Amino acid sequence: MSNKLIDKLNQGPVICAEGFLFEIERRGYLSAGEFVPTVALDRPDVLEALHRDFQHAGSDIVQAFTYNVHREKVRVAGKEHLLEKLNRAALQIARKVTNISLDQPKPNLMAGNISNSNIWNENDKKVQLEVEKMFSEMAQWAVDEKADIMIGETFYYAEEAFKALEIIKKTNLPAVITIAPMGENKMRDNWSIVDTCKELEQRGADVVGMNCFRGPNTMKQFVLEIRKAVKCHVAALPVPYRTNIKHQTFFNLPDRSNECGCESPHGRTFPTALDPLYCNRYEIAKFSKEVYDKGINYLGVCCGASPALIREVAHAVGLRVSGSKYKENMKNHFMYGDNQRIPKHIKEYGDLA
Ligand SMILES: [Zn+2]
């Protein structure tokens with residue numbers, strides 16, 4: 001069993017870029033709403049570029065883009081015949097990018113990925129068995145394609161997260177399990193957030209924590225509680241959206257400028273009209289630094305993440321990465337910089353710009 005993940009976490013921060021669904025949609029190669037990624041087969045070059053961009057920005061982990069590429073979701077989209085091909089192609093691209101050394105080589109890890117099935121039912125053993133089979137085939141493909149670790153993520157049923165962990169444990173790979181409780185601030189099957197993570201640790205997860213659905217404002221309190229309650233490493237990967245006490249997740253987050261008549265054709269901002277609710281990079285940096293200072297070493301950003309935000313996370317916890325070369329440099333700005341060459345009359349024009 002590779003202990004590279006734990007060794008690295010014991011030494012300091014580990015960055016994991018997630019949220020590829022939104023980013024590939026933004027780049028124009030995925031249908032919003034349906035959210036079944038076929039980019040691994042349609043445009044492998046686009047997926048490879050995405051992974052490279054996030055590596056350049058400081059991600060230590062290349063997570064294979066198999067989110068939602070499970071039998072149920074692929075079936076809904078009428079693409080079940082592509083299931084195994086899509087999984088293997090995504091895993092192979094992740095493996096390829098992991099092996100590329102950037103200008104600052106670091107021991108990157110390739111992750112297989114399983115996630116919320118969207119059919120889990122706490123009262124239906126038949127459905128649970130179906131989910132078990134879905135997870136098992138994906139875990140096997142990840143092992144075949146030489147994943148270093150396994151990530152199980154975005155679970156809003158505790159028992160589904162336990163099932164994912166059980167399947168991952170059979171691979172003997174390090175297990176990262178992150179949960180994504182909805183607006184009720186508990187798991188759908190009534191487990192508390194903290195108890196779910198404690199149980200995951202008891203059952204052998206190497207890293208437990210939270211990802212997706214919640215922005216920094218509504219994730220922080222819970223990941224800090226988790227940090228206090230478990231001994232293992234803790235993960236925190238919020239979405240970069242300004243969720244708040246009344247709207248804990250991005251699913252029902254209203255556009256605060258509703259009065260302006262901003263278009264939102266589905267009656268909600270999720271998932272295609274969230275742009276005005278985006279966190280800026282300093283908010284993401286602040287969150288990352290605050291939770292890192294409290295002992296949370298596994299950091300990242302989920303749906304909505306861009307390479308610039310991942311680089312910001314890396315910088316917030318004191319890392320220098322390949323993309324640091326291009327970090328902001330306001331001193332050379334043509335109006336707001338303090339470079340000697342910038343003429344006084346142009347600087348003064350800045351307030352009127
Ligand atoms: Zn996400």
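This is a short walk through one protein chain, from its overall build to a few single residues. What we are looking at is a predicted model.

I will start with the whole chain. Its secondary structure comes to 13 helices and eight strands. The radius of gyration is 20 Å, close to the 20 Å that the globule rule gives for 353 residues, so the chain is as compact as a globular protein of that length. Along the principal axes, the C-alpha atoms fill a box of roughly 75 × 50 × 45 Å. Of the 353 residues, 50% count as buried. If we take the contacts with a separation of 6 or more, 73% of them are between residues 24 or more positions apart.

Which residues of α1 are buried? They are L5, K8 and L9. These three cover an arc of only 100 degrees around the axis, which puts them on the same side of α1. In general, an α-helix has 3.6 residues a turn, so residues three or four places apart point the same way. The face of α1 turned away from that buried side carries the exposed residues D7, N10 and Q11. As for what covers the buried residues of α1, the list includes strands β1 (14-17), β3 (109-115), β4 (149-155), β7 (233-237) and β8 (298-301).

Five of its five residues are buried, so to speak of β6 as mostly covered is a matter of the cut-off, 20 or more other C-beta atoms within 10 Å. V207, G209 and N211 point one way from β6, V208 and M210 point the other way, and all are buried.

β6 has β5 as one partner, paired in the parallel sense over four bridges. In that pairing, V176 stands opposite V207 of β6. Between these two strands the chain crosses from β5 through α9 to β6, and this β-α-β crossover is right-handed. β6 also pairs with β7, again in the parallel sense, over five bridges. There the bridge partner of V208 is V234 in β7.

Most residues other than glycine have a negative phi, and most peptide bonds are trans. N68 has a positive phi of about 70 degrees, although it is not a glycine. N68 is found in the loop between β2 (61-63) and α5 (71-76). N190 has a positive phi too, of about 75 degrees, and is not a glycine. N190 sits in the loop between β5 (175-179) and α9 (193-202). Are they buried or exposed? N68 is buried, with 22 other C-beta atoms within 10 Å, whereas N190 is exposed, with 11.

The last stop is the loop between β7 and α11 (281-293), where P271 lies. A cis peptide bond joins F270 and P271, with omega at about -5 degrees. R256 lies in the loop between β7 and α11 as well. R256 counts as partly exposed because it has 13 C-beta neighbours inside 10 Å. The C-alpha atoms of R256 and N280 are separated by 16 Å, and the two residues are 24 apart along the chain.

Notes:
Residues numbered from 1 in each chain as written. Predicted model: local features only at pLDDT ≥ 70, side-chain atom pairs only at ≥ 80, totals over all residues. Buried ≥ 20, exposed ≤ 12 C-beta atoms within 10 Å, placed from the backbone. Arc of directions from axis to C-beta. Contact = placed C-beta atoms within 7 Å. Pairing = 2+ DSSP bridges. Right-handed = clockwise from strand over helix to strand, strands pointing away. Rg over C-alpha atoms; globule rule 2.2 N^0.38 Å.
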